[in-house]
Amino acid sequence: MTNRKILYGYQIRNGALEIVPEEQRIVRMVFTLYNAGASYQNISDSLDQQNIPYSVDAPAWNKHKVKRLLENPRYIGRDGYPAMLDAADFQAAQDKTAEKNASRQACGEKSPIAHLTPYLQCTCGTKMTRIGGSWQAEDKVYLKCTPCGSTVTLDMDGMVTEIIQQFRAHENQALAVYAPSAEVIRLNNAINRGLEQPESPEAVMMLILQGAAARYDCCPDTICGYENSDRLTKVDWRRFHRAVSHITITPDGAVRLTFLDDKMKGKDE
């Protein structure tokens, strides 16, 4: 991944750090949206939809870039950086993150990789095990199949995201068709107009969030839980465990879910 050489929102001019006004507006908007309840992924998607680049070399945003931005105290004047954000807004974001983490811990929530590891299987049909070691990168999953000797290294977030997407796609096959309301259509039109002439990015972002809320209200009860792409809820994991037979990991790192009902269909045929 290409990283910016200078923290987003700043530039060096005449040997000194200074604020980039256009990027300062985006930084403030990110904090405002997060403190209002938007997730890292919601914010990342909205920035990309507005064609707001993260950097010249790596223009696309992702939830990790948003997370790092929200956690960086330099925005309130640390380490020689000029302050571009109120300390109260920065602290509010840290409090919200701490609240979310505490809520997950209080619920005894297992990590996604802990749920998924028992299902991982090699293409030879044998269970794959995780390799441990202090040399490992925290954002990677190291797997080995002892019988055939195959080893695979995967990006943890990428693997989890792909598995969740395949699971949701399978679940959604049997769900009711989504029917947008008049309010959803109105907001979509307003968002499109705003994106064509983005005089106020903050206003467009708020319209996008309102549109997401309106679409959520139109969802049948059975699919409302699938809107958040960051993680699965306890109820989702229970359905996952009832639905998934195993997860095949190919030598080139591809991920393929096999579902119990697929196996039953194969027997019937």
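Modeller: Quick note before we start: accessible areas here come from the Shrake-Rupley method with a 1.4 Å probe, and for residues only the protein chains shown count as cover. On that basis the protein exposes about 15,400 Å², and carbon and sulfur atoms supply 50% of it. This is a predicted model, where local features need pLDDT of at least 70 and side-chain atom pairs count only at pLDDT 80 or more, while totals for chains, interfaces and linings use all residues. Residues are numbered from 1 along each chain as its sequence is written, and side-chain values use heavy atoms, with hydrogens and water left out.

Biologist: Fine. What makes Glu-18 and Arg-13 a salt bridge?

Modeller: The rule asks for a side-chain nitrogen of Lys or Arg within 4 Å of a carboxyl oxygen of Asp or Glu. For Glu-18 and Arg-13 the closest N and O atoms are 3.3 Å apart, so the pair passes. The structure holds six salt bridges.

Biologist: Why is Glu-18 called partly exposed?

Modeller: Buried means under 20% relative accessible area, exposed means over 50%, and partly exposed is what falls in between (1.4 Å probe, protein chains only). Glu-18 comes out at 24%, so partly exposed it is. Arg-13, at 48%, gets that label too.

Biologist: Then what about Arg-239 and Glu-171, buried or partly exposed?

Modeller: Arg-239 has 23% relative accessibility, so it counts as partly exposed. Glu-171 has 17%, so that one is buried. Their closest N and O atoms are 3.1 Å apart, which makes a salt bridge. Arg-239 lies in helix α9 (residues 234-243) and Glu-171 in helix α6 (residues 156-172), so the pair ties together parts that are 68 residues apart in sequence.

Biologist: How do you know what counts as a helix?

Modeller: Helices are DSSP runs of H or I with at least four residues, strands are runs of E with at least two, and numbering goes from the N terminus. That gives 10 helices and eight strands in the protein.

Biologist: Why are Glu-183 and Arg-186 said to be about one helical turn apart?

Modeller: Because they sit three residues apart in helix α7 (residues 182-196). Elsewhere, salt bridges that share partners join Glu-171, Asp-236 and Arg-239 into one network.

Biologist: And how many of the residues count as buried?

Modeller: Of the 269 residues, 37% do.
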